[in-house]
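Here's a quick tour for anyone meeting this protein for the first time. Have a look at the sequence and the model, then read on.

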Amino acid sequence: EVEKIRIKITSLGLTESRITADETIQQLFVECRLNRFIAEETPLSLPKPTGGQMIHYNYSTVINVDKEDNHAEREYLKSILLKPDLPADSLKFTVVSDPPEDEQDLECEDIGFAYVSLKEIFQKQRDIIEQDIDVFDSQDASTVIGKLTVTVEALNALRSVHEECRND
């Protein structure tokens, strides 16, 4: 079986914050990044959710980490499992403000970050299925601005990588 990490970005909800108050922030999309290798983003920008609503992306992607074709990604996964001091936030989700059509002089702006630790998935031997993770304000990492509902299925791939570490 081809080893892969499955990622699904289901939905996003925002709490009251500078983000909800900011009129220039209207459309949001989400990027998911595995270190420097892979950055995937939801093909759609959706209108910013208000007052306790959620917006639904239902976007899935797969990162292949098989030996044959994805050696660098695999080495990175090994390093996550083997080096205790490596930062645990190995999957980074970024909520990005997409400027409206008529304001093309505005840049896409990162407004929040959320993280999933692949190391923790391996330690707990449990994938993350439809779990709400905190989104932190890009300008103030101690402030939670919302929740992102994600699925990260990585355990089988991590087990395989770990097995390989033991055999090296």
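This is a predicted model: local features need pLDDT of at least 70, side-chain atom pairs count only at pLDDT 80 or more; totals for chains, interfaces and linings use all residues.

## Two strands side by side

Let's start with a pair of strands: S1 and S5 run antiparallel, and 9 bridges join them.

Strand S5 covers residues 54-64 and has two faces. The covered face is made up of Ile55, Tyr57, Tyr59, Thr61 and Ile63. On the uncovered face you'll find Met54, His56, Asn58, Ser60, Val62 and Asn64.

## Getting to know Arg6

Now hop over to strand S1, residues 4-14, where Arg6 is found. Is Arg6 buried, exposed or partly exposed? Its relative accessibility is 34%, so Arg6 counts as partly exposed, since that label sits between the 20% limit for buried and the 50% limit for exposed.

Who does Arg6 touch, once its neighbours within four places in sequence are left aside? The contacts are Thr61, Val62, Thr151, Val152 and Glu153. Thr61 belongs to the covered face of S5, while Val62 belongs to the uncovered one. With Glu153 there's also a polar contact, side chain to side chain, at 2.6 Å.

Glu101 is another story: Arg6 and Glu101 are 95 residues apart in sequence and 32 Å apart in space, going from C-alpha to C-alpha.

How many disulfides does the model have? The count comes to 0. A disulfide, by the way, is a covalent bond between the sulfur atoms of two cysteines.

Take Cys32: the nearest cysteine sulfur is that of Cys108, and it is 17 Å away. A disulfide here needs the two sulfur atoms within 2.5 Å, and Cys32 is in none. Cys108 is in no disulfide either, with the sulfur of Cys32 as its nearest, 17 Å away.

Their surroundings can be told apart too. Cys32 has 3% relative accessibility, so it counts as buried, whereas Cys108, at 43%, counts as partly exposed.

## The largest pocket

Last stop: the largest pocket, with a volume of about 220 Å³. It is lined by 12 residues, and the closest to its centre are Ser117, Glu120, Lys124, Ile128 and Gln131.

Which elements supply at least two residues each of this lining? They are strand S7 (109-116), helix H3 (118-124) and strand S8 (128-137).

Methods:
Residues are numbered from 1 along each chain as its sequence is written. Side-chain values use heavy atoms; hydrogens and water are left out. Helices (H or I, at least four residues) and strands (E, at least two) are DSSP runs, numbered from the N terminus. Buried means under 20% relative accessible area, exposed over 50%, partly exposed in between (1.4 Å probe, protein chains only). Contact means heavy atoms within 4.5 Å. A polar contact is a pair of N or O atoms within 3.5 Å; within protein, one must be able to donate a hydrogen and the other to accept it, and residues adjacent in sequence count only if both atoms are side-chain atoms. Two strands pair if DSSP finds at least two bridges between them. On a 1 Å grid over the protein atoms alone, a cavity is a set of points where a 1.4 Å probe fits but cannot get out, and a pocket is an open set with protein on both sides within 12 Å along at least five of seven lines; lining residues have an atom within 4 Å of a point. Grid points are joined across faces, edges and corners, and a volume is the space filled by probe spheres set on the points.
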